[in-house]
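Hello,

Here is the structure I promised to pass on.

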Amino acid sequence: MPSARPVRVRFAPSPTGFLHVGGARTALFNWAFARSHGGAFLLRVEDTDHARNTAASLQSILDSMRWLGLDWDEGPEVGGDFGPYLQSERVAGHLQAAEELLAAGRLYRCFCSTERLTALREDQEANKRAYGYDGHCRSIAPAEAAARAAAGEAGALRFAMPRNEEIVVQDLVRGEVRFGGGEVEDWVAVRSNGEPTYNLVCALDDAAMRISHVLRGEEHLVNTPKQILVHRALGQEPPAWGHVPLILGQDGKKLSKRTGDTAIEDYRAKGYPPEAMFNFLCLLGFAIDDRTEIFGPAELVEHFDVGRLNKSGAIFDPEKLLWLCGEYLRATPVPELADRALPFFREAGQVAGEPTGEERAWLESAVAALRERVRIYSEFPAKAAFLFGMAAEPDAQAAKALADPDAAVQLEALAAALDAAPAFPPADFDAWIKAFAGERGVGMGKVMKPARAALAGALGGPPVGDILALLGRERALRRLRAALAGRRA
RNA sequence: GGCCCCAUCGUCUAGGCUGGCCUAGGACACCAGGUUUUCAUCCUGAUAACAGGGGUUCGAAUCCCCUUGGGGUCACCA
């Protein structure tokens, strides 16, 4: 391991979409690695695919990272000494390097037509042979190739891979991985239109940015021998590599949109606490010990160890994520929780603007009463719906409770008692309601069920005392009596 | 198909590198109880795994090999 070098790691997204959970986890592990070694975490934007890049995508990716609590030492929005950090702004250097590699004989010109390449591939497929370029143009003398290029013949630049030398990757998470000589094809390093390709550029920039460790998804493992060769051709020591397993969907395959939300942005929009998301992502492929489930950035940094990363893919379990969300949500102080839930109340049209005074106090009470029944912020409005506007339409169970012949009797008595009580709701509601039921010689259920049904339209929910307080005297009594009237009508 | 990676409860995992403390631990989900006016929270308990086969060894979840299974990748995308 090139441990002599200062630790510098990078996350290199391409701005062609949103930040996916897999990418987010990779970023997170890189971040943790840098922080645990006192190194630098940088962001490099691989925006060389002009057709698919968008500025909105880049912004979205940066926002998602910030939302997760990841910060970077170099990169877009923060600068740094090894910029530019937008790969598209580095092409001049890439092209110059390509020229040098061509002159050094590490790259060679390939004039093969698309047709020939396609035919080659089809033939290989038909004969069940290994796919890959056959090295057709590798034997063209450099002088001749140069002449043809000078004459205007279009051609790509391919990397001349060693034919007999085995390439060994010392992988931080999987150990030694060997690629036989000649197994990796002579890949295109510069397209015939003059644009350098990913494997060239990636290695070039990793070298230029003094990246010491490359932690990335397992899908890149097969690219590694190519990039190692570029580093060697440059006369530089390659970074240390570490390939983390994939995050899988319920179907056991690489997580994709069809199995659920894959964009971090979606989870944010749905009101998942970012801390829970962070924690959950850590749990996919990493564990501090045999029992710690809930932990945050500080503990991660303290215990992070690439060698402890799992080698096998992990299925993304939305249920466990939700459980974690609930844990975090319940651990959040009520005022802060109210702040976080506020946008969702607004979106539902239940709250407008920035509540203050009594309104704010009321909101906090509602949040406090509902928090144990909610796991993500966006669940608040639905659970709180009965507190706003008209009483909710009773659900089946509530309707049944109201249909009980005795319900009206109890409701009428309850409304009257509540109305006559010195305070609303009565202090120590639990004791009060017990006494009420006791005096009337009925079980609690006889009173509570219809009360819930009339008040909330459902038999579940927060304690009735809380509901009464939240509704306020007037609305609560009105609802109790309306239910009564409804029965008579 | 070639190459590469992987393989502990349904799922996430601990243990494996440094064989014996593993009659394999924790968590989610599920099921059963308890607490609670209800729902939820919370508490208790139960069910549940070392893919198979060979080795090595006094002893293997742990080391080796094979098989099987799963995944990744094979672009002039990144």
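Below is what I found, starting with how to read the model.

This is a predicted model, so I kept to its rules: local features need pLDDT of at least 70, side-chain atom pairs count only at pLDDT 80 or more, and totals for chains, interfaces and linings use all residues. Residues are numbered from 1 along each chain as its sequence is written, while chains are lettered from A and ligands numbered from 1 in the order in which they are written.

Chain A has 20 helices and 11 strands (DSSP runs of H or I with at least four residues, and of E with at least two, numbered from the N terminus). Its radius of gyration is 32 Å, well over the 23 Å from the globule rule for 489 residues, so chain A is more spread out than a compact globule (taken over C-alpha atoms; the rule is 2.2 Å times the number of residues to the power 0.38). Along the principal axes, the C-alpha atoms of chain A fill a box of roughly 105 × 50 × 40 Å.

RNA strand B is surrounded by 64 residues, and the closest are Glu 46, Tyr 198, Ser 312, Gly 460 and Pro 463 (near means a C-beta atom, placed from the backbone, within 6 Å). Elements giving two or more residues to this surface include helix H4 (114-126), strand E6 (175-179) and helix H18 (444-456).

Strand E6 also pairs with strand E5 (residues 167-171), antiparallel over five bridges (pairing takes at least two DSSP bridges). The two form a hairpin with three residues between them, and Val 169 has Val 177 in E6 as its bridge partner.

Best wishes
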